[in-house]
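Let us learn to read a protein model, one feature at a time. Keep the picture open as we go.

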Amino acid sequence: MLSTAALETRVDLRRNRLELMLKVLDVDGAVRRVRGGWESTGRPWDYDTERYERVAATRRAEQQAMVDYVGLDSCRMAYLRAALDDPELTPGWRCGRCDVCGDVAGDSGPEAAEVTAARERLALPGVEVEPRRQWPSGMNRLGVALSGRIAVDERAETGRAVARLDALGWGGLLRDLFGATTGTSARAPDDGLPVALRQPVVDVLGAWPREPAPAGVVYVESQSHPGLVRHLAEGVARQLGVPVVGTVRPVSGSEAGRHDVNSAQRLASIVRRLELALSEPAAAGLPGRAVLLVDDRIDSGWTITVAARLLRLAGASAVHPFVLGVG
Ligand SMILES: [Zn+2]
């Protein structure tokens with residue numbers, strides 16, 4: 001039996017690709033998933049060149065059909081019905097309603113101003129992260145006295161992420177970064193912020209108007225990537241010319257919260273776990289000042305929500321969340 005992490009040291013495949021290959025081999029009966037990893041079933045397996053070429057040829061034909069559809073100068077519905085082998089399609093049939101048949105006027109494009117606004121928004125680096133506005137219901141049953149709307153003065157501001165985890169571009173790098181350290185694998189690297197992400201971080205910070213301007217950086221002490229988050233926070237602080245003034249950290253002795261639970265359970269475990277760790281001068285200087293709050297990623301959003309609330313309750317005038325990945 002080999003774990004996925006152990007397999008990674010033997011094959012030159014990224015985690016996603018490796019897992020995909022294992023699933024294919026599983027379906028073909030060559031390997032099976034067992035507790036903690038994978039094992040061979042002992043059944044022989046060969047690369048079925050002929051079969052995969054057939055599949056690839058079918059996919060290419062489907063792509064060509066889509067390209068042809070776009071360029072049609074005859075009824076589009078007739079083309080679709082023919083492509084789907086509709087037995088009731090009679091030669092020469094026309095739908096009378098598609099753009100080719102009906103000659104639909106094409107004047108329903110978006111307003112030029114809207115197009116410009118969308119372009120400008122898309123050109124900005126980073127992703128806006130809206131704060132949570134509502135506590136989950138039923139928190140009192142879990143012994144946590146939070147309900148209804150999150151008070152405006154206990155809420156985070158709209159924050160920024162470098163990228164969505166499901167996005168192209170930086171998303172792939174972030175998926176690798178988080179994926180590589182979520183398992184129990186011993187090779188989990190925690191070497192600080194990858195070089196490739198430093199410029200994107202600077203770009204997102206530069207394009208992000210923060211009002212009021214943060215006077216200091218606080219970060220969430222991470223159990224999975226302590227080095228990464230600390231390094232990111234220090235870099236952000238240097239970039240903004242403000243100090244790192246403290247952390248939000250797990251109460252000592254508390255266990256890491258699970259992610260695979262519902263919102264209420266997740267929030268309850270975070271509320272019980274997190275505490276603010278500010279030096280005395282930082283705590284004294286916090287009231288009336290804004291803070292930039294750094295974490296590696298936003299998943300359920302409750303860690304940032306709870307951390308921001310702790311800071312607001314301690315007097316911060318605003319809390320601007322900043323993370324690498326969201327989603
Ligand atoms: Zn038609």
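Predicted model: local features only at pLDDT ≥ 70, side-chain atom pairs only at ≥ 80, totals over all residues.

Q: What share of the residues in the protein chain is buried?

A: Buried residues make up 35% of the 327. Next, contacts. Take those in the chain with a separation of 6 or more: residues 24 or more positions apart account for 69% of them.

Q: Which residues coordinate the zinc ion?

A: Look for the donor atoms around the metal. Here they are the SG atoms of Cys75, Cys95, Cys98 and Cys101, at 2.3 to 2.4 Å. In sequence these donor residues follow the spacing C-x19-C-x2-C-x2-C. Cys75 and Cys98 link distant parts of the chain, 23 residues apart. Cys75 sits in the loop between helix H3 (49-70) and helix H4 (76-83). Cys98 sits in the loop between H4 and helix H5 (99-102).

Q: Why is the arrangement around the zinc ion called tetrahedral?

A: Check the angles. The 4 donor atoms subtend 103 to 121° around the zinc ion, and four donors count as tetrahedral if all angles lie between 85 and 135 degrees, so this arrangement is tetrahedral.

Q: Is Cys98 buried or exposed?

A: The cut-off for buried is under 20% relative accessible area. Cys98 has 12%, so it is buried. Cys101 is at 15%, so it counts as buried too. Cys75 is also buried.

Q: How many disulfides does the count give?

A: First the idea. A disulfide is a covalent bond between the sulfur atoms of two cysteines. In this model the count comes to 0 disulfides.

Q: What do the buried residues of helix H10 pack against?

A: To read packing, find the buried residues and then their partners. In H10 (residues 263-273) the buried ones are Ala264, Arg266, Leu267, Ala268, Ser269, Ile270 and Arg273. They pack against strand S6 (244-250), strand S7 (274-278) and helix H12 (302-313).

Q: Where is Trp38, and what is it in contact with?

A: Trp38 is in strand S2 (residues 37-40). Trp38 is buried, with a relative accessible area of 6%. Leave aside neighbours within four places in sequence. Its contacts then include Met1, Leu2, Leu7, Leu22 and Val31. Now compare Trp38 with Ala284. They are 246 residues apart in sequence and 54 Å apart in space, C-alpha to C-alpha.

Q: What is the C-alpha separation of Ala167 and Val326?

A: The separation is 9.9 Å, though Ala167 and Val326 are 159 residues apart along the chain. Ala167 is found in the loop between strand S4 (159-164) and helix H7 (170-182). Ala167 is partly exposed, with a relative accessible area of 24%. Not counting residues up to four places away in sequence, Ala167 touches Gly172 and Arg175.

Q: Where is Pro194, and which residues does it touch?

A: Pro194 is in the loop between H7 and H8. At 23% relative accessibility, Pro194 counts as partly exposed. Not counting residues up to four places away in sequence, Pro194 touches Leu177 and Leu228.

Q: Which peptide bond is cis, and which residue has a positive phi although it is not a glycine?

A: Most residues other than glycine have a negative phi, and most peptide bonds are trans. Here the bond from Glu211 to Pro212 is cis, with omega near -10°. Pro212 lies in the loop between helix H8 (195-206) and strand S5 (214-220). Asp85 has a positive phi of about 55°. Asp85 lies in the loop between H4 and H5. Asp85 is exposed, with a relative accessible area of 62%.

Key. Residues numbered from 1 in each chain as written. Heavy atoms only, no water. Buried < 20%, exposed > 50% of the residue type's maximum accessible area, 1.4 Å probe, protein only. Helix = DSSP H or I, 4+ residues; strand = E, 2+ residues; numbered from the N terminus. Contact = heavy atoms within 4.5 Å. Donors = N, O, S within 2.8 Å, 3.2 Å for Na, K, Ca; no water. Tetrahedral: all angles 85-135°; square planar, octahedral: opposite > 155°, others 65-115°. Disulfide = S-S within 2.5 Å.
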